[in-house]
Amino acid sequence: PLKEINCDEASQTLKRLDEIWVKSDEKINLGISGKSFEHIVEANQEHKLRKACQRAKSVIFTSMETSQRPESVKLFTHRPKNELLHRVWSRFSVKFARQSCVLVVGDSSDDIPMVKEGDMFVLKKIQPEGKFSVTEASNVADFVISDLKSLKSLILVHGIWNKRSMTQMVYFFIYKNLLLTLIPVLHSLSSGEVDIYSPLNDLMYNAFFTFFFSLSIGCFYTGYNRLEILRNPSLYQERRNRIDTSVVQLSLWCASAIIHAIIIYGFGYLAFGEGVVANGRVAGSLDFGSYLFLVVVVTVCMKLMFIETIILPNRRTNLEPRIFLSKSILGIGSISVIFSILFMFFDGWNIHLPRLMFADNVDTHVSSDTASSLWCWASLLLSVVTCLLLNLVVKVVWFMTWTRQRK
């Protein structure tokens, strides 16, 4: 049903607002006139109107003055309070700082004042004779569209693609750096030494070995095609992309990094823990660290290339589970793995790099004695396979739970 707040007197407006606000369980469509909106603002009853609007399926503001438009947008925006504590806390809590995002759609420069109160501004540009003219509104707008059909595609298709790719890239970035950091921690607990990676490898990890792969995830990890998204708009509310469940997702990625670090260091210690590699040669800390560094690079790339491609859609949709294999991600990931193996195993590839950047005695590669050992390749393979199988088991359990709940 349509509930209207259209009264000439302030007392009648507030009474009508109370009637709608009290019935919190009723699903309604709400219509508010500009005059009634002014009465509500003057009486400082915006919180009641906000609750009523959030409960309504749709809200229509009619006969609004130009000066009232920013106030109507401000009604739905969430900003930290001016107090120092609120501003500091909002820097550390995304959920506290942003509980809603307001999209403002306008068609002229008169709508610019609303932009200051909204979070995003989309301009519906009128293009006479197919020509595009630059105006003040088009300079201010975040996006410019030619018709409202493009707005649906902008919000749903590009919005979902952006949310999935950005969240996946952020989780992957935290996971891969946490995994790399935990290895020296475990080594310090085992032998008391912390410096296990060469400085050059530390530098090259984010600057080269995993940089392009992380970038490919942010650019190409979508999960669904355009038609599937338009037919299933509820994909926008996937739990993995929501702020209120981000802590759970982050915890799972951190737990995966901790378990993988234990597995990688455990197999490496079993293979080279005594220090003897081959022919009586004793492996140093940097030899051991170069081997562990290579296993970390291979593991993080393989995890994203194969395990994280298993997607379980929202149960409210008609979509079936799928394996999303992007040719771009697979290609860049394969190049990263192959190049890291070549870079770490062949001495001639990096013999001059330490001399240019660090001391001459810095080892950045896996020594030939280590590479010729059967234990080196066996532990590398077992480490990567064990980590991937562990994540695969979690995915299988998740799939069985997903199937049971859907039925």
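Predicted model: local features only at pLDDT ≥ 70, side-chain atom pairs only at ≥ 80, totals over all residues.
**Whole chain**

If contacts are counted between residues at least 6 apart in sequence, 72% of them connect residues at least 24 apart.

Next select β4 (103-106), β5 (residues 120-124) and β6 (143-145). These strands make an open sheet in the order β4-β5-β6, and the pairing is parallel. At the edges lie β4 and β6, each of which pairs on one side only. On average, neighbouring strands in this sheet are turned by 25° against each other, direction ignored.

Strands of a sheet pair through backbone hydrogen bonds, so show backbone atoms for this step. How many bridges join β5 to β6? There are three, and the two strands run parallel.

**The cavity**

Rolling a probe the size of a water molecule over the atoms shows where empty space is left. In this structure there is one cavity of 30 Å³ or more, and the space in the largest cavity is about 40 Å³.

- Y221, L304 and M305
- T309, F324 and L325
- S326, I329 and L330

Which helices each supply at least two residues of this lining? They are α14 (285-306) and α15 (327-345). Colour the lining by residue class: seven residues are nonpolar, two are polar and none is charged.

**V337 on helix α15**

Stay with α15 and select V337, which is found in this helix. Is V337 buried or exposed? V337 is buried because its relative accessible area is 11%, below the 20% cut-off for that class.

Finally, draw a distance between the C-alpha atoms of V337 and M302: the separation is 8.3 Å, although the two residues are 35 apart along the chain.

To end the tour, keep α14 (285-306) and α15 (327-345) on screen with the cavity lining, to which each supplies at least two residues, and leave V337 selected in α15.

Conventions. Residues numbered from 1 in each chain as written. Heavy atoms only, no water. 1 Å grid on protein atoms, 1.4 Å probe; cavity = no way out; pocket = protein on both sides within 12 Å on 5 of 7 lines; lining within 4 Å. Points joined across faces, edges and corners; volume = space filled by probe spheres on them. Helix = DSSP H or I, 4+ residues; strand = E, 2+ residues; numbered from the N terminus. Nonpolar A, V, L, I, M, F, W, Y, C, P; charged D, E, K, R; others polar. Buried < 20%, exposed > 50% of the residue type's maximum accessible area, 1.4 Å probe, protein only. Pairing = 2+ DSSP bridges. Axes fitted to C-alpha atoms, helices over the stretch in contact; angles between N-to-C directions. Contact = heavy atoms within 4.5 Å.
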